[in-house]
Amino acid sequence: MDIFGEIADERRRMADLLAGLTAEQGRTPSLCEAWTVHDVSAHLIMPLEVSTARLAVTMLACRGDFDRANRRLTRRVAARPLDEIVGVLRQGAESRFTPPGAGPGAPLTDLLVHGLDIRWPLGLTRELPAARARASLEFLTSRQAAGLVPRGALDGVRLEADDVGWTHGAGPVVRGDAEALLLALTGRTVGLEHLSGDGLPVLRTRIARPTHT
């Protein structure tokens, strides 16, 4: 799979989605705690707009707290109108930036999960491309995703995405579709309501947390 090509396509798809939203939809609370759909959209262009130097300065101002820095930078970008955000996504669709040490799985997963953050509250459906869903699930269950999935959350459970033929781990099963697993693994507790299996109670106690990633 040409993962950078898939990322570019996801950005263009996201731009198309955002371009069709009303102002009221933009103000709708997303699945990210305290962020609207517009805020999440702004977050998606941060890697395209915020320089490494700016991020470093903001991290220093926030005493190394990435979540605080993330929220602060997102607030700044979210002051821009949605049509500008759409334009940046289109113009930067081919960007190959990846967070240090994370690889291309990080931006792909960011786009897929934040797409769900936007679409689920708005009742908008989409069938995720199976290869992209599997790549993101592989990323989230790898060491590269440290900090996104709580440490030890997946120990002793088996995950099964029954719609894309993906599995991970061993132990009591947690199964469902890829969308629900992507949400649950990144702390969106609404995803848990769409999963089943003997391992679900264990997973539920391990992953519940605020989501700003």
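Is His43 buried or exposed, and what is its relative accessible area? In this predicted model, His43 is buried, with a relative accessible area of 8%, and the legends below take up this residue and several other places in turn.

View 1. His43 is found in helix H3, which spans residues 37–44. Since a residue counts as buried when its relative accessible area is under 20%, the value of 8% places His43 among the buried residues. The side chain of His43 makes a polar contact with the side chain of His114, at 3.3 Å.

View 2. Most residues other than glycine have a negative phi. Ala34, although it is not a glycine, has a positive phi of about 70 degrees.

View 3. The buried residues are Ala178, Glu179, Ala180, Leu181, Leu182, Leu183, Ala184 and Leu185, and they pack against helix H8 (105–122), helix H9 (130–140), strands S1, S2 (166–169) and S3, and helix H11. Just after H10, Gly187 takes a positive phi of about 90 degrees.

View 4. Helix H11, made of residues 200–207, has Leu200, Leu203 and Ile207 as its buried residues. Seen down the axis of H11, these buried residues fall within an arc of 60 degrees, so they line one face of the helix. This pattern can be read alongside a general rule: an α-helix has 3.6 residues a turn, so residues three or four places apart point the same way. The face of H11 turned away from the buried side carries the exposed residues Pro201 and Thr205.

**View 5. The packing of helices H8 and H9.** Helices H8 and H9 pack at an angle of about 115 degrees, and their axes are 9 Å apart. That angle makes H8 roughly perpendicular to H9, and H8 passes H9 in a left-handed crossing. On the side of H8, the contact is made by Gly105, Ala106, Leu108, Thr109 and Leu112, while H9 contributes Arg132, Ala133, Ala135, Ser136, Phe139 and Leu140.

Conventions: Residues numbered from 1 in each chain as written. Predicted model: local features only at pLDDT ≥ 70, side-chain atom pairs only at ≥ 80, totals over all residues. Heavy atoms only, no water. Buried < 20%, exposed > 50% of the residue type's maximum accessible area, 1.4 Å probe, protein only. Helix = DSSP H or I, 4+ residues; strand = E, 2+ residues; numbered from the N terminus. Arc of directions from axis to C-beta. Polar contact = N/O pair within 3.5 Å; in protein donor to acceptor, adjacent residues only side chain to side chain. Contact = heavy atoms within 4.5 Å. Axes fitted to C-alpha atoms, helices over the stretch in contact; angles between N-to-C directions. Parallel < 35°, antiparallel > 145°, perpendicular 65-115°, else oblique. Left-handed = near helix turned anticlockwise from the far one by under 90°.
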